[in-house]
Amino acid sequence: MSDAFQMSSRTSDCLEEEDGEEEEEEENYNPTEVKMSQIVMPCHSNHRQELSVGQLLKWMDSAACLSAERHAGSPCVTASMDDIHFEHTISVGQVVNIRAKVNRAFNTSMEVGIQVNCEDLFSDRHWRVCHAYATFVTQRTSTGQKVTLKPIVPLTQKEQVEYSVAAERRRVRMVHDDIIKDLLSNESVQQVDSSVGPNAVAAERTRVESVELVLPPHANHQVNTFGGQIMAWMVNVATIAASRLSQAHPTLRAIDMFTFRGPSQVGDRLLLKAIVNNAFRNSMEVGVRAEAYHEEGPNRHINSAFMTFEVLDDGGKPRTLPRIRPEPLVYLSFNNVSALKMLAARSSWRLSCEKDQVQLYTLEQKSMLSFKIECEVDVPAHRAFDLLAELSNRPSWDSHYKKCELIQLVDNDDFIYRVVTPSVRHGAMGSPTAANQAKGILQDFILLASKRKPCGSGDPYVIALRSVSLPTHPPTEGYNRGEVLCAGFTILETKDNKSLISYFNQASPEVLPYISTDIAGLSSSFYHTFCSCSQYLTRNRL
């Protein structure tokens with residue numbers, strides 16, 4: 001099974017640029033920098049005689065840990081490793097050069113930047129393989145006290161940039177961690193899509209379970225299991241799952257963020273689970289979960305990750321993959337809630353207009369146009385959440401919701417509704433919420449509504465909406481079936497027992513021409529609807 005990544009050529013311009021960066025950094029020595037060089041032996045390779053990703057991850061984790069401990073002056077453990085995209089391959093006989101250094105230290109954690117390059121000893125060629133960011137935390141002292149880290153002083157312009165951006169990356173990691181908690185603790189479902197065809201592969205056929213016993217060679221000098229070793233085992237089971245779908249040697253292209261949720265030590269048994277979540281035309285996503293247990297103790301969740309694989313033909317081009325037939329229950333609340341949270345976390349919102357303290361923001365992203373309407377209301381956050389989460393009541397205050405019926409109760413926090421609205425037609429007032437009702441043609445949506453209470457202090461209440469497909473409710477004659485990509489509310493408690501309510505809506509490409517022709521009309525429509533919402537909340541405040 002291949003977990004190699006495709007090789008591509010490197011231009012001389014890139015070589016000169018990186019050489020210049022190395023010279024600058026050598027003049028300004030960073031005391032936290034650690035360099036590691038490893039020659040790739042056959043025991044490190046896969047069937048293609050290329051370095052396996054699992055082995056590379058172990059080396060990267062070791063170098064980063066040494067850098068973190070050099071700065072902290074105390075033992076450190078891996079907390080997470082950000083998304084990794086593998087650009088090139090490394091063959092047997094070539095040299096892996098890894099450079100790791102601390103970009104920024106916070107209170108008890110620090111971000112370590114990891115640069116991986118490959119060197120061909122015979123042609124004197126160098127190329128970049130990947131660039132990653134890992135977070136390490138210090139272990140408590142023998143008395144149980146936390147070790148407070150000293151700040152990093154950036155020396156070069158590049159280090160100053162990394163130092164500055166590290167704070168934003170840390171915020172994104174916290175959002176990502178919250179999203180994964182939603183995925184693991186909530187079970188929103190979508191029924192099986194019958195359109196995948198008879199040749200689709202059942203997802204259950206790709207399921208893999210494997211147990212590993214943690215031995216001393218798998219642990220670091222604090223007797224904790226190497227983070228890199230756990231990541232390598234996770235890559236292994238993910239590769240098997242991907243191979244079962246494709247019946248070929250898959251190529252690992254990218255890894256979503258690894259986040260370690262608990263320690264593992266020598267003597268633990270690690271239970272590794274993997275399954276293909278979905279298959280697209282040329283790629284597939286594999287979900288992996290690692291749990292630890294010791295003798296008769298309960299299973300402890302250690303890590304979860306998502307990996308993207310391709311299968312290459314003889315010419316190095318991605319092959320078309322078979323479709324996946326999901327099991328009757330497919331987890332969707334993660335995508336629903338995470339999409340809204342990621343949209344809300346965007347920093348490039350632009351204020352388009354403001355009226356009576358109701359603010360309309362817009363965000364342009366390639367072919368997408370998103371809106372945020374925000375206003376403070378004199379209603380407690382928990383009460384506003386309860387009122388807005390009851391989607392069946394929305395027609396009473398939103399004139400654009402002609403009908404809203406609950407068609408499936410998924411669980412206590414997730415519901416599926418059928419919503420009927422006016423249809424989007426040419427000449428409409430810019431949006432689905434203010435559309436032309438000519439000829440009596442209506443639009444309907446099948447929406448998954450996911451409501452989430454705050455995970456901690458300062459977190460908002462969330463009500464996320466997105467379209468789903470239900471075989472029991474196919475498109476019907478007389479209605480245009482619409483699609484909601486990402487919409488919903490965030491409700492944040494403010495002072496004096498008030499709430500800051502934000503409504504988000506991501507417009508699909510097919511309605512963009514209508515929106516762009518009448519942004520003023522759109523603003524008026526949103527304003528009046530939001531005022532109606534505020535009045536509804538105030539009336540039902542108690």
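**Close-up 1. Cysteine C43 is exposed, at 65% relative accessibility.** Exposed here means over 50% relative accessible area, buried under 20%, and partly exposed in between, with a 1.4 Å probe and protein chains only. The model shown is predicted, so local features need pLDDT of at least 70 and side-chain atom pairs count only at pLDDT 80 or more, whereas totals for chains, interfaces and linings use all residues. Residues are numbered from 1 along each chain as its sequence is written, and side-chain values use heavy atoms, with hydrogens and water left out. The count of disulfides (pairs of cysteine sulfur atoms within 2.5 Å) comes to zero. C65 is in no disulfide, the nearest cysteine sulfur being that of C76, 6.2 Å away; C65 is buried, with a relative accessible area of 10%.

**Close-up 2. Strand β6 pairs with both β2 and β5.** Strands (E, at least two residues) and helices (H or I, at least four) are DSSP runs numbered from the N terminus, and two strands pair if DSSP finds at least two bridges between them. Strands β5 and β6 run antiparallel and are joined by 12 bridges, with V112 standing opposite A134 in β6. These two strands form a hairpin with four residues between them, and D124 in the turn has a positive phi of about 60 degrees. Strand β2 also pairs with β6 in the antiparallel sense, over five bridges, and here V77 stands opposite V137 in β6.

**Close-up 3. The second largest pocket has a volume of about 970 Å³.** A pocket is an open set of points on a 1 Å grid over the protein atoms alone, where a 1.4 Å probe fits and protein lies on both sides within 12 Å along at least five of seven lines, and its lining residues have an atom within 4 Å of a point. The volume is the space filled by probe spheres set on the points, which are joined across faces, edges and corners. The lining of this pocket holds 41 residues, of which A79, S80, T135, V137 and F260 lie nearest the centre. Elements that each supply at least two lining residues include β2 (76–81), β5 (109–120), β6 (125–138) and α4 (227–246), while helix α3 gives the most, with six residues.

**Close-up 4. The side chains of E33 and R99 meet in a salt bridge, 3.1 Å from N to O.** E33 lies in the loop between α1 (12–27) and β1 (34–39) and R99 in strand β4 (residues 95–105), so the pair ties together parts that are 66 residues apart in sequence. E33 is buried, with a relative accessible area of 14%. A salt bridge is a side-chain nitrogen of Lys or Arg within 4 Å of a carboxyl oxygen of Asp or Glu, and by this rule the count comes to 19.

**Close-up 5. E87 forms a salt bridge with R128, the closest N and O atoms being 2.8 Å apart.** E87 lies in the loop between β3 (84–85) and β4, and R128 lies in strand β6, so this pair ties together parts that are 41 residues apart in sequence. E87 is partly exposed, with a relative accessible area of 32%, and R128 is partly exposed as well, at 27%.

**Close-up 6. R171 and E168 both lie in helix α3, three residues apart, about one turn of the helix.** Their side chains meet in a salt bridge (2.5 Å, N to O). R171 is partly exposed, with a relative accessible area of 31%, and E168 is partly exposed, at 36%. A network of salt bridges links D82, E111, E162, R169 and R173.
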